[in-house]
Amino acid sequence: ASWRGKDCDDIDSRRYPGRRTIDDAIADTNCNGIYGRDPETGRTYEEMWCNGTGQYGTLLLGDSVGAHFHLPPAWLNVTLLDRAVFDHLVFIVGNELDWPQHSATTGHLNISLLDVIDGPVDSIYLRLFERNRCNHRDYQNIGVNGARASAMADDIVKAVARNPNSDHPLFVTYELVGNDVCNGHPGTEHMTTPEEFYAENKEAFEYLDLHLPAGSKMVIYGIVDGRVLFDSMHDRIYPIGALRNDVTYAQFYTYLNCLGISPCFGWMNVNETMRNVTWERAIELNEALRKLIGNITLRNIEIAYVEDVISLVIDYWKSQGGETWQLIEPSDGFHSNQLANALSAKIIWEKLISDYPNWFPPINPNNQLILNKFGDQGGY
């Protein structure tokens, strides 16, 4: 259930999160924990409390930022190392070091493994659930480590489980925020070109428009300005040097580049010129994405574009007295950490509520009735 809402019947293919209900008098056909018939009215609780309330599922399509990549710092910091930090090794590695259950889009669980991850949890899914408890368990996170536009068009969008005829619409976060300019190779030869970026995202958008229910919404993130990584981290101590304070992030970045295994040679680099060249290509790709959004006509999906969500988060955090480094994963000096994920959800939600108020149905007036009758609705 880390990646998708729990299926309540592995045998009956007609029962799954997000579907429009058939008859919930006996069985919970959409797995949201609301089923049965009211003895006074003879109507199903789903019909009474959910029908017509504007249900939405939540979908993340993207890369390791959307999947919430997190390598526990305690695994690298000898001052924190003990047996307990490896208690959940199999689970963590099985999820490829991703934590979608705590991410900005599909986070749904409070953090319990405090030895390996810590911080607040907030998400688009939780905001939609709080607005309408009928949305319970209706989430999918299809974030793939290393994903770029070619992978989005070829594979990622095709992994979405949604029937355009029988299911509720989706609120989609579409984010490719770095890998089209990030790789382990020097120079720009292995970066996506603007022409490729336009064509591959166009293919993905058109596929989604054919396969998502009418009324779906999609917020699209531009590539972020990753120069902030070196600017805020280069002179700080990397976890592996915590004992003697003798390894900086600048040295760590250089070591990864020397081995040819850096996730982003362009931005995790002591060479300022290379960092600026990488941002210049990112600007070109964002221009191509904006052009595509302006040109394309979609039938089933309304779209919105956010240029640089990380900059919005940083600006907000600084306004609260924080510093940029406090938002970056300490183990890789590259990804957004747990705090940044929670703040991203808050900032994007508030921006969309302000800029696109017609996207969001009213709060379900039956939420308290659902809570009273069904409690946690079966949990996760």
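This is a predicted model: local features need pLDDT of at least 70, side-chain atom pairs count only at pLDDT 80 or more; totals for chains, interfaces and linings use all residues.
**Cores**

The largest nonpolar core holds 49 residues. Leu61, Tyr174, Phe205 and Leu208 touch the most other members. Eight elements each supply at least two residues of this core: β1 (57–62), α5 (149–154), β3 (170–175), α6 (194–211), β4 (216–221), α7 (227–233), α8 (249–259) and α9 (272–295). The largest share comes from α9, with seven residues.

Leu61 shows what such a position looks like. Leaving aside residues up to four places away in sequence, Leu61 touches Ile142, Met152, Ile156, Val157, Val160, Val172, Thr173, Tyr174, Glu175 and Leu208.

A second core is separate and has 16 residues. Val177, Val306, Leu352 and Phe360 are among them.

Gly62 lies in strand β1. The relative accessible area of Gly62 is 0%, so this residue is buried. Beyond four places in sequence, Gly62 touches Ile142, Gly143, Val144, Ala147, Met152, Ile156, Glu175 and Leu176. Lys291 is 229 residues away from Gly62 in sequence, and their C-alpha atoms are 20 Å apart.

Ile310 sits in helix α10 (residues 309–319). With residues up to four places away left out, Ile310 touches Val224 and Ser336. Asp225 is 85 residues from Ile310 in sequence, yet the C-alpha to C-alpha distance is 8.0 Å.

**Packing of α4 on α11**

Two packed helices are described by the angle between their axes and the distance between the axes. Helix α4 (residues 124–131) packs with helix α11 (residues 338–355) at about 55°, and the axes are 9 Å apart. The two helices are therefore oblique to each other. From α4, the contact uses Ile124, Arg127, Leu128 and Arg131. From α11 come Ala345, Lys346, Ile348, Trp349 and Ile353. Six of the contact residues are nonpolar, three are charged and none is polar.

**Aromatic pairs**

The model has 21 aromatic pairs. Two of them are set out here.

| Pair | Centre to centre | Angle between planes | Geometry |
|---|---|---|---|
| Tyr139 and Tyr380 | 6.2 Å | 55° | tilted |
| Tyr174 and Phe205 | 5.0 Å | 70° | edge-to-face |

Which parts does the pair of Tyr139 and Tyr380 tie together? Tyr139 lies in strand β2 (residues 139–143), and Tyr380 in the segment after α12 (367–374), so the pair links parts that are 241 residues apart in sequence. Tyr139 is buried, at 2% relative accessibility. Tyr380 is partly exposed, at 27%.

The pair of Tyr174 and Phe205 joins strand β3 to helix α6, so it ties together parts 31 residues apart in sequence.

One aromatic cluster is formed by Phe171, Trp349, Tyr356, Trp359 and Phe360. Trp349 of this cluster also takes part in the contact of α4 with α11. Phe360 is a member of the second core as well.

Note on methods: Residues are numbered from 1 along each chain as its sequence is written. Side-chain values use heavy atoms; hydrogens and water are left out. A nonpolar core is a set of buried Ala, Val, Leu, Ile, Met, Phe, Trp, Tyr and Cys residues joined through side-chain atoms within 4.5 Å. Buried means under 20% relative accessible area, exposed over 50%, partly exposed in between (1.4 Å probe, protein chains only). Helices (H or I, at least four residues) and strands (E, at least two) are DSSP runs, numbered from the N terminus. Contact means heavy atoms within 4.5 Å. Axes are lines fitted to C-alpha atoms, for helices over the stretch in contact, and angles run from 0 to 180 degrees between N-to-C directions. Angles under 35 degrees count as roughly parallel, over 145 as roughly antiparallel, 65 to 115 as roughly perpendicular and the rest as oblique. Ala, Val, Leu, Ile, Met, Phe, Trp, Tyr, Cys and Pro count as nonpolar, Asp, Glu, Lys and Arg as charged, and the others, Gly among them, as polar. Rings of Phe, Tyr and Trp (its six-membered ring) pair if their centres lie within 6.5 Å; planes under 30 degrees apart count as stacked, over 60 as edge-to-face and the rest as tilted.
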